[in-house]
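Thank you all for coming; I would like to take a few minutes to walk through one model with you. Please have a look at the sequence and the structure before I go on.

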Amino acid sequence: SLNDVISSVSFQMFTNSDEAVINKKLPKELLLRIFSFLDVVTLCRCAQVSRSWNVLALDGSNWQRIDLFDFQRDIEGRVVENISKRCGGFLRKLSLRGCLGVGDSALRTFSQNCRNIELLSLNGCTKITDSEGCPLLEQLNISWCDQVTKDGIQALVRSCPGLKGLFLKGCTQQQITDEGLITICRGCHRLQSLCVSGCANITDAILHALGQNCPRLRILEVARCSQLTDVGFTTLARNCHELEKMDLEECVQITDGTLIQLSIHCPRLQVLSLSHCELITDDGIRHLGSGPCAHDRLEVIELDNCPLITDASLEHLKSCHSLDRIELYDCQQITRAGIKRLRTHLPNIKVHAYFAPVTPPPSVGGSRQRFCRCCVLL
């Protein structure tokens, strides 16, 4: 098993006769470079080949980044514990995405041994609850870890003041509400990325806290957070001028007011998702298309299922020279002619649109014929 392979590795004694020609012909730096491309299992096996390979495989530079996703079914807590003992302070990035067998005990040992960890992905590790202990941690992904509560969030602030990225997608526990996230905002002023998509209980209080405490915020994903409104996004936009990517899908209460504030205060905006934001109109897109981000920054805008959007919005976006992709699925008032006109100004743009079936008026004989207007433009 993977654990047996890792556990069996140690600094061993080999005779000179074990050394291969490759070790004599290539400098150590080049050999280390080759070893850096090997996964953890292969490194462990190489460490048992010869004395030189043992030293090379166990060099700290090879144990700074480990991704165990491909071995997720084999990963148990003891594997993580053994890796933490093997890597110690060398480890900077660890992905345990999808490793369902990892629990709090293993993380406790890990945090004691790997104090220099900067990026830790626990995406889908559903046994994880509330833990702490990595003071240098900068990136933490605990998406779909639905046992995490506000206590765990608050522990992060105490232990990880330098946190730059926090991903909580799908953490639907009722206790993940404003209180824990506001604590994060107040304690982690270097925060640059926050994903709370699907955390439907959060309110504008989070946006106010971000605006007041996290001026370096660049990425905000709040899809399906239906309690957020223009009031909160106004505070956010007026204070977080470095925003580059925003996912506002199904933030159903926002209106053109949010787009007006973003167009004025967020000149670096590159990606904006407004899918299912049914109150957005052409006027909001007009402000966005004339804002400072429009000419050189805006690359992607998603407007699918925005029923009030018409061809006029496409006219407002034709000056967005960096626009690479626009989503228009189920925008019933968008026409092929409008898309064609947009393409005359932006010939390389990818337009994804779906024209739903329409039913014409009854014919003279009273029967109806269904005409399909379906197409996807790439």
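This is a predicted model: local features need pLDDT of at least 70, side-chain atom pairs count only at pLDDT 80 or more; totals for chains, interfaces and linings use all residues.

Residues are numbered from 1 along each chain as its sequence is written, and side-chain values use heavy atoms, with hydrogens and water left out.

Let me start with the sheet, which is open and has 12 strands in the order β1-β2-β3-β4-β5-β6-β7-β8-β9-β10-β11-β12, with parallel pairing. Strands here are DSSP runs of E with at least two residues, helices are runs of H or I with at least four, and both are numbered from the N terminus; two strands pair if DSSP finds at least two bridges between them. At the edges stand β1 (65-67) and β12 (350-352), each with a single partner strand, so one side of each is left without a neighbour in the sheet. Within the sheet, β7 pairs with β8 (residues 245-247) in the parallel sense over 3 bridges, and Ile219 has Lys245 as its bridge partner in β8.

Now, is helix α10 largely enclosed or left open? Of the 10 residues of α10 (residues 204-213), 7 are buried, so the helix is largely enclosed by the rest of the structure; buried means under 20% relative accessible area, exposed means over 50%, and partly exposed lies in between, with a 1.4 Å probe and protein chains only. Those buried residues are Asp204, Ile206, Leu207, Ala209, Leu210, Gly211 and Asn213, and what covers them includes α9 (178-187), β6 (193-195), β7 (219-221) and α11 (230-239), where contact means heavy atoms within 4.5 Å.

Finally, I turn to a threonine in a loop. Thr126 sits between β3 (119-121) and β4 (139-141), and at 34% relative accessibility Thr126 counts as partly exposed. Not counting residues up to four places away in sequence, Thr126 touches Leu100, Trp144, Asp146 and Gln147. Thr126 and Gly103 are 23 residues apart in sequence, and their C-alpha atoms are 8.1 Å apart in space.One item remains: the largest pocket is lined by 19 residues, of which Leu38, Asp39, Arg65, Ile66 and Asp67 lie nearest its centre. A pocket is an open set of 1 Å grid points over the protein atoms alone where a 1.4 Å probe fits, with protein on both sides within 12 Å along at least five of seven lines, and lining residues have an atom within 4 Å of a point.
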